[in-house]
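Subject: Structure for your review

Dear colleague,

Please find the structure below, together with its sequence.

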Amino acid sequence: MTRFRDLTKYEYFDETVVSLVGEPHYVHYRHQPTDRVLNVGWLNFERFDQGDVPADFVARLDEYATDRVNQTRGSQSCPICGLDNPSLGSAEIHVQAPDGTIYAAPALVAHYVSAHRYRPPKAFIDAVLTGRNMADIVRDAQSLSN
Ligand SMILES: [Zn+2]
């Protein structure tokens, strides 16, 4: 499984593909060179921060994990417990903080938090609580253009 340190620059894909639930097509958005896109939750599971996180944060993360962002054909199982959940193992969560920073995490981050007490960087927790899910931003842009 691909692993990146938290808050390093995200360069896994330069184009993000959002598959809207209930829509027959994919929507692409390309990261701009000026975008600040950072990695979160690509766990190097030998050591990661653990601790309590707000219940609201967990609920939102679970909700965001149902969007199909950067869906891949293959699925990664959880490197910690082996959980094989193709829905979580084959997509990402992208969240934009109010300051514009975008955080890109594997959808498995929702499982890492709820099952393994992973505590992501505070900036990511704040972005999920106060920022916007990129899939929602794309969804809104789509409905405006339709
Ligand atoms: Zn697990």
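This is a predicted model: local features need pLDDT of at least 70, side-chain atom pairs count only at pLDDT 80 or more; totals for chains, interfaces and linings use all residues.

Helices (H or I, at least four residues) and strands (E, at least two) are taken as DSSP runs and numbered from the N terminus. Residues are numbered from 1 along each chain as its sequence is written.

Overall fold

The chain contains 5 helices and 7 strands. Read from the N terminus, these elements follow the order β-β-β-α-β-α-β-β-α-α-β-α. The radius of gyration (taken over C-alpha atoms) is 14 Å, close to the 15 Å that the globule rule (2.2 Å times the number of residues to the power 0.38) gives for 146 residues, so the chain is as compact as a globular protein of that length. Along the principal axes, its C-alpha atoms fill a box of roughly 45 × 30 × 30 Å.

Two residues are said to be in contact if their C-beta atoms, placed from the backbone, lie within 7 Å. Among contacts between residues at least 6 apart in sequence, 72% join residues at least 24 apart. A residue is termed buried if 20 or more other C-beta atoms lie within 10 Å of its own, exposed if 12 or fewer, and partly exposed in between. Buried residues make up 31% of the 146 residues.

The nonpolar core

A nonpolar core is here a set of buried Ala, Val, Leu, Ile, Met, Phe, Trp, Tyr and Cys residues joined through C-beta atoms within 7 Å. The largest one has 34 residues, and those with the most contacts inside it are L61, I93, Y103, A107, V109 and A110. At least two residues of this core come from each of helix 1 (55-64), strand 5 (92-96), strand 6 (102-106), helix 3 (109-116), helix 4 (122-130) and helix 5 (134-145). In soluble globular proteins, nonpolar side chains tend to be buried together.

Within helix 3, the buried residues are V109, A110, H111, Y112 and V113. Their cover includes helix 1, helix 2 (86-89), strand 5 and strand 6. A110 itself is in contact with L61, D62, A65 and L88, leaving aside neighbours within four places in sequence.

Y103 is found in strand 6 and counts as buried, with 29 C-beta neighbours inside 10 Å. Beyond four places in sequence, Y103 is in contact with L38, V40, V95, F124 and A127. The C-alpha atoms of Y103 and R36 are separated by 8.4 Å, although these residues are 67 apart along the chain.

G41 and Y103, 62 residues apart in sequence, are 9.6 Å apart in space, C-alpha to C-alpha. G41 lies in the loop between strand 3 (37-39) and helix 1, and is buried with 25 C-beta neighbours inside 10 Å. Not counting residues up to four places away in sequence, G41 touches A105, P106, V109, Y112, Y118 and P120.

Packing of helix 1 and helix 4

The axes of helix 1 and helix 4 (lines fitted to C-alpha atoms over the stretch in contact, with angles from 0 to 180 degrees between N-to-C directions) are 9 Å apart and meet at an angle of about 75°. The two helices are therefore roughly perpendicular, a class that covers 65 to 115 degrees. In this contact, D56, F57, R60 and L61 of helix 1 meet I125, V128 and L129 of helix 4.

Loop positions

Most residues other than glycine have a negative phi. N70, which is not a glycine, has a positive phi of about 50°. N70 is in the loop between strand 4 (68-69) and helix 2 and is partly exposed, with 19 other C-beta atoms within 10 Å. R117 is likewise not a glycine; its place is in the loop between helix 3 and helix 4, where R117 counts as partly exposed with 13 C-beta neighbours inside 10 Å.

A97 is in the loop between strand 5 and strand 6. Outside four places in sequence, A97 is in contact with A123, D126, A127 and G131.

Yours sincerely

Methods
Angles under 35 degrees count as roughly parallel, over 145 as roughly antiparallel, 65 to 115 as roughly perpendicular and the rest as oblique.
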